[in-house]
Amino acid sequence: MAEIRYLVRQVAPSNASVLVTGPSGSGKEMVARAVHAESARVTGNYVAVNTGAIPRELLESELFGHEKGSFTGAVSQKSGRFEEAHGGTLFLDEIGDMPFEMQVKLLRVLEERSVQRVGGRGEITVDTRIVSATHRDIEQSIADGRFREDLFYRLAVFPIDLPSLAERREDVPLLVRHFLAQSGNAVRFDGAAIDRLVAHPWPGNVRELRNVVERGAILFAGQTIGAEQTETILSRRVKGFVRNAAPCAPGVAEGPASCAVTPIRPISVPRASELPFPFPGAEADEAAVGHAPTPNPSPLTEPVAIAQPDLIRVLDAAFGDTPVDLRQLVCDLEARYISEALRQSEGVVADAARLLSLQRTTLIEKMRKHGLAKAA
Ligand SMILES: Nc1ncnc2c1ncn2[C@@H]1O[C@H](COP(=O)(O)OP(=O)(O)OP(=O)(O)O)[C@@H](O)[C@H]1O
């Protein structure tokens, strides 16, 4: 990772197009964000487009915009992603999946440094830095005639190839510590647990490691995780899960009258503004990692700051061969999410309600139920 970080720092200040390659979950988008964050363009927009996920008939208008009435459904004029990223960075994800005919149009825009909206006549000058990424072997795609070689050379002025996590196992302890810090839970992985994590094959790369650490931080909050618990987290079975919250009062259909969860700790997800590489200069060979909960002063800058998949992952993990108290689990999660939403919205209940997709009055009711104050 230190090498990648070095490359990012070298290329960021220039305007060179960067092509990031590597397997899924290895951190390609993180690198793109870092290139933007460390460049002078940081005051401009960072705009990400998954070119492989947008239907081909919409991609041109998505990238270059359209004029009103230029096609059925073009009810108003719309600027494209290139224009939005003017003065900033445009991240073209899954570029290897871009339809061939769009590749010609993209190449023209990169050559001319101007776009023409669909149905438009005039050229709009754009000053946009391109970072693109693909998990595909793009040189093979060129050989197969599926990717234009001239576009490849335009995009890959500065190529960065990310290794799989299995090829850089020495990064695992640092990443574990980084994700633990993000979870905000006072959890520690002991030396044996770290050894187990280092030995894991990580087919889902850093994304999988992040999920495993988050799952451990939620299930074993306040504890030291050993090899056995690590096995549990990796296998998604809830063996040895020791509940440390006060029990909810049973038998209330909508939930308990009160549900004291002590301590309530924040669940957080990476934010756009965070730089990707954890702990520069930290000791890579450190065996055991852990931390005390630290406040994470993140303003309400991104509308969906609480990852719903967290909840899904916890519920997934709950279906092991040991009985769990589902009512308690749901109650704890509700309290934690409310607490985190209040923290991120700095106690503004209306903002917290929006983060949780709840009515304000419903949230107030739930806060009462959990005994949570605004300044949680
Ligand atoms: N060096 C790193 N430091 C901290 N977090 C990282 C690092 N690398 C990856 N991650 C995290 O791993 C997850 C996956 O990273 P990212 O989305 O950048 O991968 P990707 O290669 O773009 O995946 P895909 O090809 O599936 O889109 C993200 O949550 C990101 O925060």
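**Note on the predicted model: ligand shell, strands and cores**

1. The shell of residues around the ligand is made up of nine nonpolar, seven polar and four charged residues. The model under review is a predicted one, and the points below should be read with that in mind. In total, 20 residues surround the ligand, and the closest of them are Ser24, Gly27, Lys28, Glu29 and Val206. The elements that supply two or more residues to this shell are α2 (28-37), α8 (172-183) and α10 (205-219).

2. Where in the chain does the shell around the ligand draw its residues from, in terms of domains? At least three residues come from domain 1 (2-163), and at least three come from domain 2 (166-370).

3. As for the overall make-up, the secondary structure of the protein comprises 15 helices and twelve strands. The protein has 376 residues, of which 39% count as buried.

4. Strand β8 (residues 129-134) deserves a paragraph of its own, since six of its six residues are buried. Both of its faces are covered, with Arg129, Val131 and Ala133 buried on one side and Ile130, Ser132 and Thr134 buried on the other. A reader who looks at the side chains will notice that Arg129, Ser132 and Thr134 are among these buried residues.

5. Which strands pair with β8, and in what direction do they run? Strand β1 (residues 18-21) is joined to β8 by four bridges, and the two run parallel; within this pairing, valine 20 has alanine 133 as its bridge partner in β8. Strand β5 (residues 89-93) is likewise joined to β8 by four bridges, again in parallel, and here threonine 89 stands opposite arginine 129.

6. Strand β1 also pairs with strand β9 (residues 158-161), through four bridges and in a parallel arrangement. In that pairing, leucine 19 stands opposite proline 159 of β9. The residues of β1 point in two directions, Val18 and Val20 one way and Leu19 and Thr21 the other, and all of them are buried.

7. The largest nonpolar core of the model contains 39 residues, and those with the most contacts inside it are Val20, Val31, Val35 and Phe82. Helix α2 gives the most to this core, with four residues. Apart from this core lies another one, of 24 residues, which includes Leu165, Val206, Val212 and Ile218.

8. Valine 20 can be followed from one point to the next: valine 20 pairs with alanine 133 in β8, and valine 20 is among the residues with the most contacts inside the largest core. If neighbours within four places in sequence are left aside, valine 20 is in contact with Lys28, Val31, Ala32, Val131, Ala133, Ile160 and Leu162.

9. Not counting residues up to four places away in sequence, leucine 90 touches Val47, Val49, Arg81, Phe82, Ala85, Thr128 and Ile130. Leucine 90 and alanine 32 are 58 residues apart in sequence, while their C-alpha atoms are 9.0 Å apart in space.

10. Alanine 350, by contrast, belongs to helix α14 (residues 349-355) and counts as exposed because it has 9 C-beta neighbours inside 10 Å. Alanine 350 and arginine 360 are ten residues apart in sequence, and their C-alpha atoms are 5.6 Å apart in space.

11. Arginine 113, which is not a glycine, has a phi near 60 degrees; arginine 113 lies in the loop between α5 (100-112) and β6 (114-115), and counts as exposed because it has 12 C-beta neighbours inside 10 Å. Asparagine 205, also not a glycine, has a positive phi of about 55 degrees; asparagine 205 lies in helix α10 and is buried, because 22 other C-beta atoms lie within 10 Å.

Notes
Residues are numbered from 1 along each chain as its sequence is written. This is a predicted model: local features need pLDDT of at least 70, side-chain atom pairs count only at pLDDT 80 or more; totals for chains, interfaces and linings use all residues. A residue is near a molecule or strand if its C-beta atom, placed from the backbone, lies within 6 Å of it. Ala, Val, Leu, Ile, Met, Phe, Trp, Tyr, Cys and Pro count as nonpolar, Asp, Glu, Lys and Arg as charged, and the others, Gly among them, as polar. Domain bounds come from an automatic or database domain assignment. A residue is buried if 20 or more other C-beta atoms lie within 10 Å of its own, exposed if 12 or fewer, and partly exposed in between; C-beta atoms are placed from the backbone. Two strands pair if DSSP finds at least two bridges between them. A nonpolar core is a set of buried Ala, Val, Leu, Ile, Met, Phe, Trp, Tyr and Cys residues joined through C-beta atoms within 7 Å. Two residues are in contact if their C-beta atoms, placed from the backbone, lie within 7 Å.
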